[in-house]
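Please read it alongside the sequence and the model shown here.

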Amino acid sequence: MGNDFKKKLKSYRDQINDIDHKLVDLLNERAEIVMKIKKLKQKEDVPLYDARREEELVENIAKYSKGPLYRDNIIQIFESILRNVQILEKDETL
């Protein structure tokens, strides 16, 4: 392995690390907004879960993606995000 290879690999990995940190920050920011919605809905006695909204959200995200991830990959990722945020919503201490 040449020196150029090692430099490029390190650079790419550093870029991935930076992106991963941004993703974590954005996911936490998203979760904070979800918790605000939870409080608002509780105040107005509105059910937390809205299947139509979730379906709409996933469809909009899938349309937004320009690749290279496949549509099904994007959907799986966001369904996982939604399931994990629902765990937060069910936490009575938050």
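## Overall shape

This is a predicted model. The chain contains three helices and zero strands, and the order of elements from the N terminus is α-α-α. The helices are H1, residues 3-43, H2, residues 51-64, and H3, residues 71-90.

The C-alpha trace spans about 65 × 30 × 15 Å along its principal axes. The radius of gyration of the chain is 18 Å, whereas a compact globule of 94 residues would have a value near 12 Å. Of the 94 residues, 17% count as buried. Taking contacts between residues at least 6 apart in sequence, 57% join residues at least 24 apart.

## Nonpolar core

Seven residues make up the largest nonpolar core: Leu-57, Val-58, Ile-61, Ala-62, Ile-74, Ile-75 and Leu-82. Helices H2 and H3 each supply at least two residues of this core. H2 gives the most, with four residues.

Within this group, Ile-75 touches Val-58 and Ala-62, leaving aside residues up to four places away in sequence.

## Largest pocket

The largest pocket holds about 390 Å³ of space. It is lined by 15 residues, and those closest to its centre are Val-34, Arg-53, Leu-57, Leu-82 and Glu-89. Leu-57 and Leu-82 are also members of the largest nonpolar core.

H1, H2 and H3 each give two or more residues to the lining of the largest pocket. H1 has the largest share, five residues. Sorted by class, this lining has eight nonpolar, one polar and six charged residues.

## Second largest pocket

The volume of the second largest pocket is about 280 Å³. Its lining consists of Leu-23, Leu-26, Leu-27, Glu-29, Arg-30, Ile-33, Ile-74, Ile-77, Phe-78 and Ile-81. One of these, Ile-74, also belongs to the largest nonpolar core.

H1 and H3 each supply at least two residues of the lining of the second largest pocket. H1 gives the most, with six residues.

How values were computed: Residues numbered from 1 in each chain as written. Predicted model: local features only at pLDDT ≥ 70, side-chain atom pairs only at ≥ 80, totals over all residues. Heavy atoms only, no water. Core = buried A, V, L, I, M, F, W, Y, C linked by side-chain atoms within 4.5 Å. Buried < 20%, exposed > 50% of the residue type's maximum accessible area, 1.4 Å probe, protein only. Contact = heavy atoms within 4.5 Å. 1 Å grid on protein atoms, 1.4 Å probe; cavity = no way out; pocket = protein on both sides within 12 Å on 5 of 7 lines; lining within 4 Å. Points joined across faces, edges and corners; volume = space filled by probe spheres on them. Nonpolar A, V, L, I, M, F, W, Y, C, P; charged D, E, K, R; others polar. Rg over C-alpha atoms; globule rule 2.2 N^0.38 Å.
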